[in-house]
Amino acid sequence: MDPKGEILVVDDTPESLKLLVDLLMDEGYRVRPTMDPKLALESALSNPPELILLDVRMPGMDGFELCQRLKQATCTEQVPIIFVSALQELHERVRGFEAGGVDFITKPIQREEVLARVSAQLELSRMRQSLEKRSQELAAANQKLQDLDKLKSMFIASVSHELRTPLNAIISFSGILLREILGGLNERQRDSLERIDRAGKHLFSLITDVIDISKIEAGRSDVYPETFALQELVDEALNTIHPQAETKGLTVTVSAVTWPVLHTDRRRLLQCLVNLLGNAVKFTEKGGVTVLVSDTGEAVAVAVRDTGIGIAEGDRSKLFKAFERLDSHLRVKAGGTGLGLYLTRKLVTDFLHGEISVMSSPGEGSTFCLTVPKVIESTTSFSEGDLP
Amino acid sequence: MNTALMIEDNEDNRVSMAILLESGGYQVIEAETGDAGYQKAVAEQPDFILLDIQLSDMNGIEVLKRLRADTRTRRIPVIAVTSYAMSGDRQRFLAAGCNGYIEKPIDPLRVISQIRTILEKKP
């Protein structure tokens, strides 16, 4: 950009025009003088200047009208216009600002004032342009990052998907051997196979979590509502924790006044409940786990309460973040991915359009509560074939 | 209900499923592709079909549609074998007329009873 800038000066009086032009040229500005407002309009449109000094009173088209026309054209709408006028009336100045002018210079002109106002407006205009450019660059960079992030998530989803095929074989064959279909096992063989089986299933659930999270983060949170009885779903979720609860001597109770029928994504809701119940059993050594169901009309709240170790207040905000485990000694014990609650919250908000909250007193236990609408709409279909 | 046709392109899955089906008293016919599966269904008239939803030559849905469109195979029960967490596929299969689905990884302890439950539902 020209360091001093080019200024279009429009004034129908030769003396005032000369005065302005000389003054600006002395200061090093490039100046395009015009006495005719129509020619000025053409000149500005064909080659937009950096700034326009515009007389108000002119024959044919006055300064306000010329200003409005320039503000309507895309190429000149951003060019700052300073009115030069003998008009002192406030309402005339207001008209000038309404027409799109940015400043006024009063005739008879004062050299210092003209130069100060011109350079101030030029500087403002340049700063605005550079800000605009910067914000466009930022928007483009941001878009690119979002696209890359989606790509990354889709990549992870499809790689993880491929990982499941060999894992299916490991789980199936260890299960077949454990069932002794192909012959009897001695104690140590059984123990070894059980370890393979457990590790395989653990790996499988980790991969499934990663696939779910990647799909959600890639913006593919499609919902498949089914109609089902909540009671059956809760029973199914409880079945997953019964063996472990029994081993630890924990009670498992359910409390509900009524059991609603839901039309929502059954699998996702089941997944959330299984995660919450799994956590409750994992972090409870004495007492038990209670599921409380309350029907609020439009929505249903399912709370999972335990009498476990609880969560300190400062840790509660970390709970729903990815890869957060609150304490290293828990990490050893928990053995999860650190994705469970992060995924659960994502599932609740993105698939089930509900929310999740937590209450807890350290040493006394925690309650996680899901509140989800009873009925949700389906979204566009997504199948395995859509994976890249 | 003694003969099962298994349409599955992954060899590991075919071997493991065949072991389980045979242990449950079924005779097993295997097909590696959708097209071969359809031909065997017509020729062998199995008592039911286990259909993997992801085949290399054609989508499981297409195989199901062909089976359902042909009078010779229309009445053979079809059980879809789906991947975990792909709810959309299961719904499309049920809508296209399969009798039920079982999920991978198959649970060796439960798979035979799962199959029997599905087959009993629609005689």
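pLDDT is the predictor's confidence in each residue, on a scale from 0 to 100. By that score, chain A of this predicted model has a mean of 86, with 91% of its residues at 70 or more. Chain B averages 88, and 93% of its residues score at least 70. For the complex, the predictor reports an ipTM of 0.86 and a pTM of 0.62.

**Confidence and overall make-up**

- Residues 381-388 of chain A have a pLDDT below 50. Beyond near neighbours in sequence, this stretch has 18 contacts in the model.
- Where pLDDT is low, the predicted coordinates should not be read in detail.
- Chain A has 388 residues, of which 29% count as buried.
- The secondary structure of chain A consists of 11 helices and 12 strands.
- If contacts in chain A are taken between residues at least 6 apart in sequence, 67% of them join residues at least 24 apart.

**The sheet of chain B**

- Chain B contains an open sheet of 5 strands with parallel pairing, and the strand order is S2-S1-S3-S4-S5.
- Strand S2 (27-31) and strand S5 (100-104) of chain B are the edge strands, each pairing on one side only.
- On average, neighbouring strands of this sheet are turned by 25 degrees against each other, with direction ignored.
- Strand S1 (residues 3-7) and strand S3 (residues 48-52) of chain B run parallel and are joined by 4 bridges. Ala4(B) has Phe48(B) in S3(B) as its bridge partner.
- Packed on the sheet is helix H1 (residues 11-23) of chain B, which touches S1, S2 and S3 of chain B. The direction of H1 makes about 160 degrees with that of S2(B).

**Helix packing in chain A**

- Two packed helices are described by the angle between their axes and the distance between the axes.
- Helix H3 (residues 63-72) and helix H4 (residues 90-99) of chain A pack at about 20 degrees, and their axes are 8 Å apart. Angles under 35 degrees count as roughly parallel, so H3(A) and H4(A) are roughly parallel to each other.
- The crossing of H3(A) past H4(A) is right-handed. On the H3(A) side the contact is made by Phe64(A), Cys67(A) and Gln68(A), and on the H4(A) side by Arg95(A), Gly96(A) and Ala99(A).
- H6(A) packs against helix H11 (residues 340-351) of chain A at an angle of about 45 degrees, with the axes 10 Å apart. H6(A) is therefore oblique to H11(A).
- H6(A) passes H11(A) in a left-handed crossing. From H6(A), Asp209(A), Asp212(A), Ile213(A) and Ile216(A) meet Leu343(A), Lys346(A) and Asp350(A) of H11(A).

**Backbone exceptions**

- Most residues other than glycine have a negative phi, and most peptide bonds are trans.
- In chain A, the peptide bond from Lys107(A) to Pro108(A) is cis, with omega near -5 degrees. Pro108(A) sits in the loop between strand S5 (103-106) and helix H5 (111-178) of chain A.
- In chain B, the peptide bond from Lys104(B) to Pro105(B) is cis, with omega near 0 degrees. Pro105(B) belongs to the loop between S5 and helix H5 (111-121) of chain B.
- Glu180(A) is not a glycine, yet its phi is positive at about 60 degrees. The residue is in the loop between H5 and helix H6 (187-217) of chain A. Glu180(A) counts as exposed because it has 11 C-beta neighbours inside 10 Å.
- Gln45(B), also a residue other than glycine, has a positive phi near 45 degrees. Gln45(B) is in the loop between helix H2 (34-44) and S3 of chain B. With 13 C-beta neighbours inside 10 Å, Gln45(B) counts as partly exposed.

**An exposed loop residue in chain A**

- Lys286(A) lies in the loop that runs between helix H8 (266-282) and strand S9 (288-295) of chain A.
- Lys286(A) has 10 C-beta neighbours inside 10 Å and therefore counts as exposed.
- Thr251(A) is 35 residues from Lys286(A) along the chain, and the C-alpha atoms of the two are separated by 8.9 Å.

Conventions: Residues are numbered from 1 along each chain as its sequence is written. Chains are lettered from A and ligands numbered from 1 in the order in which they are written. This is a predicted model: local features need pLDDT of at least 70, side-chain atom pairs count only at pLDDT 80 or more; totals for chains, interfaces and linings use all residues. Helices (H or I, at least four residues) and strands (E, at least two) are DSSP runs, numbered from the N terminus. A residue is buried if 20 or more other C-beta atoms lie within 10 Å of its own, exposed if 12 or fewer, and partly exposed in between; C-beta atoms are placed from the backbone. Two residues are in contact if their C-beta atoms, placed from the backbone, lie within 7 Å. Two strands pair if DSSP finds at least two bridges between them. Axes are lines fitted to C-alpha atoms, for helices over the stretch in contact, and angles run from 0 to 180 degrees between N-to-C directions. Angles under 35 degrees count as roughly parallel, over 145 as roughly antiparallel, 65 to 115 as roughly perpendicular and the rest as oblique. A crossing is left-handed if the near helix is turned anticlockwise from the far one by less than a right angle, and right-handed if clockwise.
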